Amino acid sequence: MAATINQARSALSKMFNSERYSHFTLQSDEEGDEGSHVEVRLSDDEVDDHAPSEQVGQPGGSPSYRPRPQQNNHKVCYLALGTLFIFIIGYLIGYVSHHSPRKEPITCDSEQEVGVAEEAVVESSLSWNDITSLLAQRLTPDAFNSRLSDVEQTDHVAGSSADGILEYHVFDSFKSLEMEPWTDVHYVQLQTANSQKPNRVMIGQEEVGQPKGYLAYSATGKAQGKAVYGNYGSQEDLMLLQNLKVELNGTVILLRATGQISLAQQVANVAALGVSAVLIYLDPKDYRFQPTTELYGHVHLGSGDPFTPGFPSFNHTQFPPTQSSGLPTVLAQSITAASAAKILTRIGGLESPLSFKGSLDNVKYTLGGASSEDVTVEVNNVLQDTEIHNVFGVIKGFTEPDRYVLLGAQRDAWGPGYAKATVGTTLLLELARAVSEMVHTDGFRPRRSLVFASWSAGEYGSVGATEWLEGFFSSLDRRAFTYISLDGVVTGHGEFKVSASPLLYSLLESTMKEVKNPIGFGESGKSLYDKVSGVNFEKAVFEPMKMEDSAYPFLAFSGIPSLSFRFVSQGSEAYPYYGTSLDNKDHLGYATAHRLNSLATGAGLVAGQLALRLVHDHVLRLDVQRYRMVLSQSVVKINQRLKQVTRDGSAESLSARWLIMALGSYSRAATDLNTDLLNTDLTDTLACHNINDRIMRVEHNLLSPYVSPKEVPFRHLLFGRGSHTLAALLEVCLAVEVRTESNGGRELRPTQSL
């Protein structure tokens with residue numbers, strides 16, 4: 001066949017300007033010039049040394065090819081054959097292209113959320129109901145339970161060999177699913193207990209103990225002072241101590257651990273009043289543990305490696321010596337309840353208020369102070385340069401693979417870390433398996449990518465995740481449009497709580513209406529929304545996102561819409577076993593009424609459907625109008641406080657006009673975006689891409705550009721920390737910080753510009 005084609009081509013060349021074509025040269029044959037030829041360079045070993053000299057065309061021994069002379073009738077025959085061959089090929093191509101099977105049009109759901117686009121048509125034969133059904137079929141309690149035993153570890157501290165074993169397991173799991181896994185390596189400084197020189201606590205000349213537990217990132221050294229009991233160390237508790245004339249400067253203060261505020265916040269509160277050291281214990285009134293239970297945690301009021309604030313801890317980077325402003329300047333140490341009882345029985349002073357009283361045996365709970373004995377605290381923790389690995393796997397999108405929703409889980413823990421890390425890591429792997437099988441087997445075609453991340457050093461304040469955010473901060477807001485945390489998703493069985501960006505409120509609400517309630521206890525058929533929403537959905541479900549939440553740096557530092565959620569025990573404010581060796585399978589089983597597998601599967605369905613909806617639709621389901629309502633509530637509070645300040649005439653002509661104007665600008669922009677969205681052809685890929693670009697900028701544009709990442713890393717105006725936030729502005733109203741305007745009026749201004 002090849003010879004026939006070459007013959008036909010040669011004949012065509014003679015007919016059109018006598019030009020002859022080859023793969024190598026183009027030459028013209030003059031009429032009657034029978035000596036012209038095409039020379040083709042071959043390898044030297046193809047030259048016959050014994051060939052006649054006239055067959056060697058060029059110096060160096062390149063043989064020449066000379067086409068055999070053909071008769072005219074042969075040329076006509078080859079021309080006819082070539083024309084027929086071309087006709088047959090064209091006919092076959094036309095037949096195949098016009099008889100390919102036609103696809104049925106895809107039906108779309110009719111539901112439309114306020115401020116969110118109608119569901120777009122996607123290039124997939126699966127409807128949204130098909131997708132959710134497939135996820136529910138592949139994500140089952142039995143599959144979760146089977147995977148759980150592969151992830152369990154008795155102790156997997158960040159950077160340890162056990163952490164490495166889990167890392168390899170996650171990596172191999174992603175690899176087996178063809179998710180093209182990779183690792184992100186960071187070299188961070190983690191503070192650990194000194195095995196050669198343990199920490200010590202003494203009262204008078206008596207040693208209270210040498211605790212095994214410790215609080216990472218405490219200041220180190222030795223401090224001594226009068227003992228004071230400060231309950232939980234909240235602002236209200238400390239104000240009460242000051243009203244009772246209890247001197248705190250230079251003292252050693254003893255605090256109860258609480259789920260209301262973090263250990264880092266407790267230490268920061270009392271450090272601001274001049275204490276020299278902080279001791280924190282687990283009181284039996286709050287934690288029904290053995291009195292010898294050790295407590296572990298960290299006291300960095302921030303996230304990430306505190307010795308490279310705002311910068312990634314890559315091995316090749318060099319930064320000047322600096323440290324986070326969130327590091328404490330005082331000693332901080334955890335002690336057991338038994339050790340706390342020894343101190344409280346000997347500190348004397350005033351009897352504490354009723355709200356301060358705990359449940360230690362034979363303890364009166366006095367406040368201590370000047371009449372108490374001296375307490376000495378010695379902290380010998382050491383900084384260790386530690387290599388940590390984050391592990392990633394990706395299921396690539398078919399239309400916009402460079403945009404992705406991120407699902408992450410902490411891998412490390414002090415002790416078993418069952419609720420803290422094991423359940424989340426298991427769920428991460430199960431979701432990756434389920435979605436991967438939907439793509440490879442069931443024909444699911446996500447428009448955008450799903451990235452699954454296993455973080456290390458989460459116990460030290462989301463170190464692995466924050467270092468990754470710092471490393472890719474300049475581009476993440478244009479790539480990652482949502483982060484969903486799987487940490488601590490199951491700690492009880494009575495209620496469902498969520499912390500999230502307002503952009504995700506509407507999507508979560510619709511998802512909860514679709515997911516069946518896993519905590520029904522016989523109430524079959526009811527959705528999660530029916531069970532836990534109550535009359536006021538937002539009030540019943542949503543709660544503020546705290547700094548210790550692993551989703552917090554994504555939202556407040558990087559401006560990525562983020563969400564974390566958890567099943568909790570009814571009436572319980574926090575899971576009591578975090579930071580102890582008691583966070584194990586048995587205690588989590590009791591907390592969940594032995595329904596861990598069902599609850600974890602329900603949590604997986606919530607996270608999975610949230611992620612799949614975000615990568616399935618043409619337009620991102622992020623509701624900008626819901627944000628307008630949240631911002632309006634903050635502005636109303638500020639105006640109400642401002643009216644209280646100006647009512648007595650002490651601060652006339654104060655105005656928050658600039659803030660109201662800013663809110664109006666946002667409202668108009670949100671309305672314009674929704675109008676453009678409703679008038680957009682959702683089958684137009686480029687138009688949807690442009691709409692999504694505008695939606696993705698909303699959260700990032702709420703980061704203040706006027707604060708330093710070293711001093712104020714959490715720059716979000718609504719959820720961040722610092723004088724640039726709306727919460728700080730609310731407090732400024734009390735201080736009546738004013739600025740005289742040129743027109744004689746005065747406007748209330750924040751410390752930093754919004």
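Mentor: A cavity, in the sense used here, is a set of grid points where a 1.4 Å probe fits but cannot get out, and its volume is the space filled by probe spheres set on the points. Please keep in mind that this is a predicted model.

Trainee: With that definition in hand, how much space lies in the largest cavity?

Mentor: Rolling a probe the size of a water molecule over the atoms shows where empty space is left. A search of the whole structure finds six cavities of 30 Å³ or more. For the largest cavity, the space comes to about 100 Å³.

Trainee: Which residues are the closest to the centre of the largest cavity, and into which classes do the residues of its lining divide?

Mentor: The largest cavity is lined by 16 residues, and the closest to its centre are Ser-303, Pro-309, Gly-310, Glu-470 and Pro-713. Taken by class, the residues of that lining divide into seven nonpolar, six polar and three charged.

Trainee: Turning to the chain as a whole, what percentage of its residues count as buried?

Mentor: The chain has 21 helices and 22 strands, and its accessible surface comes to about 35200 Å², with 51% of that belonging to carbon and sulfur atoms. Among contacts with a separation of 6 or more, residues 24 or more positions apart account for 78%. As for burial, which here means under 20% relative accessible area, the chain has 754 residues and the part that counts as buried is 53%.

Trainee: Why is helix H12 described as largely enclosed by the rest of the structure, and how many of its residues are buried?

Mentor: The buried residues of H12 are Tyr-505, Ser-506, Leu-507, Leu-508, Glu-509, Ser-510, Thr-511 and Met-512. Helix H12 covers residues 505-514, and it is largely enclosed because, of its 10 residues, the number buried is eight.

Trainee: For helix H9, how far apart are the end C-alpha atoms, and what span should its residues have?

Mentor: Helix H9 is mostly covered, with 20 of its 23 residues buried. At 1.5 Å a residue, residues 418-440 should span 33 Å, and this agrees with the distance between the end C-alpha atoms, which is 31 Å.

Trainee: Tyr-217 has a positive phi although it is not a glycine, and so has Lys-245; which of the two is buried, and which is exposed?

Mentor: Tyr-217, with a phi of about 70°, is placed in the loop between strand E8 and strand E9, and its relative accessible area is 3%. Lys-245, with a phi of about 65°, lies in the loop between helix H6 and strand E10, and its relative accessible area is 75%. Since buried means under 20% and exposed over 50%, the buried residue is Tyr-217 and the exposed one is Lys-245.

Trainee: What distance separates the C-alpha atoms of Asp-155 and Trp-414?

Mentor: Asp-155 is found in the loop between helix H4 and helix H5, where it is partly exposed with a relative accessible area of 40%. Leaving aside neighbours within four places in sequence, Asp-155 is in contact with Ala-162, Ala-413, Trp-414 and Gly-415. Although Asp-155 and Trp-414 are 259 residues apart along the chain, their C-alpha atoms are separated by 6.2 Å.

Trainee: And how far apart in space are Gly-164 and Asp-412, C-alpha to C-alpha?

Mentor: Gly-164 has its place in helix H5 and is buried, with a relative accessible area of 15%. In sequence Gly-164 and Asp-412 are 248 residues apart, while their C-alpha to C-alpha distance in space is 9.6 Å.

Note on methods:
Residues are numbered from 1 along each chain as its sequence is written. This is a predicted model: local features need pLDDT of at least 70, side-chain atom pairs count only at pLDDT 80 or more; totals for chains, interfaces and linings use all residues. Side-chain values use heavy atoms; hydrogens and water are left out. On a 1 Å grid over the protein atoms alone, a cavity is a set of points where a 1.4 Å probe fits but cannot get out, and a pocket is an open set with protein on both sides within 12 Å along at least five of seven lines; lining residues have an atom within 4 Å of a point. Ala, Val, Leu, Ile, Met, Phe, Trp, Tyr, Cys and Pro count as nonpolar, Asp, Glu, Lys and Arg as charged, and the others, Gly among them, as polar. Helices (H or I, at least four residues) and strands (E, at least two) are DSSP runs, numbered from the N terminus. Buried means under 20% relative accessible area, exposed over 50%, partly exposed in between (1.4 Å probe, protein chains only). Contact means heavy atoms within 4.5 Å. Accessible areas come from the Shrake-Rupley method with a 1.4 Å probe; for residues, only the protein chains shown count as cover. The expected span of a helix is 1.5 Å times one less than its number of residues.
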